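Welcome to this tour! Please open your viewer and get ready to select a few things one after another.

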Amino acid sequence: MLLENKVAIITGGSRGIGYATVEAFLQEGASVVLCASRQETADRAVAELRERYAAADVEGIYPNLSEYASVQSAFDKVAEKYGKIDILINNAGVSESTPFTEYTEETFSKVMDLNIKAVFHCTKAVSEHMIAAGSGVILNTSSMVSVYGQPAGIAYPTSKFAVNGFTLSLARELGPKGIRVNAVAPGITYTDMMRAVPKEVIEPMIAQIPLRRMGKPEDIANAFVFLASDRASYISGEVLHVDGLARS
């Protein structure tokens, strides 16, 4: 198993890509602490996973990711229980599609607080443990829109472009301390959000993809598994695009 004896924290782990990643990590032998926005959401996800994987070591927490003290306290408890934190996946995020002319400061701040500030808080809290250990892996969820943009909802691609910069810069800074930092940039992925999109909207999008299908959460989860494992031990400062597209 690729992640045996590893301890991972995965934010946004109660549904979608995050939940699929928690499953993949459990299958590969990791102990996983998933972060959710509410206790009931975390408890529900953990109960489902324990029922599906009887021997799995999984638990849920629900710190306020916009407050550093809350994150630090929760992560310190994880480190105290397991004796270490090997992997952090910053997956929690929010997307929206408000036209720019209707944007408010509150809308912009909401996206940036979760998609950027929370990444900083979680990374800051976990880095203390990883630096002390002299090793660790930090993985961030970016997006294809960090490269291509999107027709509306300017804060989301802006935040993901920032995630890319955060990833590359931190890889340079923390590499000498034994910590690898990478990002995964999903393309159009079949999650709950996409299930609500009309067929006539989805089909033209799929037609643009050479593989002629949307991604599955498992496709993204598999990328996270690889980058978290020792098989990627010489990969750092990369944004891995998992979107089915061909690039020159």
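What percentage of the contacts in the protein with a separation of 6 or more is between residues 24 or more positions apart? Such residues account for 73% of them, where contact means heavy atoms within 4.5 Å.

Before going on, note that this is a predicted model, in which local features need pLDDT of at least 70 and side-chain atom pairs count only at pLDDT 80 or more, while totals for chains, interfaces and linings use all residues. Residues are numbered from 1 along each chain as its sequence is written, and side-chain values use heavy atoms, with hydrogens and water left out.

**Stop 1: the whole chain.** Show the cartoon and look for nine helices and seven strands; these are DSSP runs (helices are H or I, at least four residues; strands are E, at least two), numbered from the N terminus. The C-alpha trace spans about 50 × 40 × 35 Å along its principal axes. Of the 248 residues, 47% count as buried, meaning under 20% relative accessible area, with exposed being over 50% and partly exposed in between (1.4 Å probe, protein chains only).

**Stop 2: the largest nonpolar core.** Select Val22, Phe25, Leu34, Ile87 and Phe224, which touch the most other members of this 32-residue core. A nonpolar core is a set of buried Ala, Val, Leu, Ile, Met, Phe, Trp, Tyr and Cys residues joined through side-chain atoms within 4.5 Å. Elements giving it two or more residues include α1 (16–27), β2 (31–35) and β4 (87–90). In soluble globular proteins, nonpolar side chains tend to be buried together.

Zoom in on Ile87. Leaving aside residues up to four places away in sequence, Ile87 touches several residues, among them Leu3, Phe25, Met130 and Ala228. Next, select Ile9, Val78, Leu170 and Val181, which are among the 26 residues of a second, separate core.

**Stop 3: two backbone angles.** Most residues other than glycine have a negative phi. Select Asn5, in the segment before β1 (7–11): its phi is near 70°, a positive value. Is Asn5 buried or exposed? Asn5 is exposed, with a relative accessible area of 60%.

Finally, go to the loop between α8 (199–207) and α9 (217–228) and pick Arg212. Phi of Arg212 is also positive, near 60°, and Arg212 counts as exposed at 53% relative accessibility.
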